[in-house]
Amino acid sequence: MGQRIAIISALHEELAELLALMPDEHQTAVAGRQFWRGRLHGHEVIAVLSGIGKVAAATTTAVLLERFRPQQVIFTGVAGGIGDGVAVGDIVVGSRYLQHDMDASPLFARHELPGYGLSRFPADPALLRLMWQAAEEAIAWLPGRLDAATRAAFGLQAPRVHSGKIVTGDRFVATEAESRALRAELREALAVDMESGAVAQVCHDYSVPFCAVRTISDRADDQAHVDFPAFLQQVARHYSGRMLEVALRLL
Ligand code: ADE
């Protein structure tokens, strides 16, 4: 049975391949956001750009859930790798989402979301398994599709899939010192981004299953401002497109 699935990405490069797979899509604008609606593998797909940062992503998600009532929400995009052994070109399937810049201490514990009594949201277990499978398939397929020069430029020799915590904040982490501090504070964090934690919170509020999958575009270090745009332009869309295609086929 077909389902109604929402796909969110932060940037157009991450959504372009999916839109190309849905030639019949049509667009609706709400709150300054463009929602693309189409069909893929028997499912109704609603695709939207979150915008960048937690407020933009939360607003987009609330509008998406209110207006279009998807049964599941998948976020695909890029992130900075901060976990040991999480390299550029690897994929992190988020199992838990935390907002690293949430700090209402000493009133609440560091990172606790006031009113929620918790500091992290889990991914939906079934969606997490599906996206893991999609990531494994995509990563096995991908290196052969990229030319040798691109693979060498980004060191994409044997990319891996990881599952673990994604941390989110309103900051592009672009210094070694900052990523070291995040790693020290949040030991199990694998990747850092600017939206997943906000989307997870809104999906939790509406009891809609959610999972985010992030391809590592940079190591959130002093090189991040160079690695991020290059990866985005040359590599990211292949990952997102393939993962989404596989996920919707398996669903
Ligand atoms: N998205 C991709 N790279 C990132 C970084 N270094 N910090 C935050 N978000 C990112």
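View 1. A backbone polar atom of V173 lies 2.8 Å from a nitrogen atom of the ligand. The model is predicted: local features need pLDDT of at least 70 and side-chain atom pairs pLDDT 80 or more, while totals for chains, interfaces and linings use all residues. Residues are numbered from 1 along each chain as its sequence is written, and side-chain values use heavy atoms, without hydrogens and water. For G80, the distance from a polar backbone atom to a ligand nitrogen is 3.3 Å. D218 places a polar side-chain atom 2.7 Å from a nitrogen of the ligand. On its own the ligand exposes 260 Å², of which the protein buries 96% (Shrake-Rupley areas, 1.4 Å probe).

**View 2. The shell around the ligand.** The shell holds 13 residues, and A79, G80, F172, V173 and D218 are the closest (near means a heavy atom within 4 Å). By type, 8 are nonpolar, 2 polar and 3 charged; Gly counts as polar in this scheme. Strand β5 supplies the largest share, 3 residues (strands are DSSP runs of E, at least two residues; helices are runs of H or I, at least four).

**View 3. L18 in helix α1.** L18 sits in helix α1, which spans residues 12-20. Is L18 buried or exposed? L18 counts as buried because its relative accessibility is 0% (buried is under 20%, exposed over 50%, partly exposed in between). The C-alpha atoms of L18 and M243 are 9.5 Å apart, with 225 residues separating the two along the chain.

Technical notes: Polar contact = N/O pair within 3.5 Å; in protein donor to acceptor, adjacent residues only side chain to side chain. Buried < 20%, exposed > 50% of the residue type's maximum accessible area, 1.4 Å probe, protein only.
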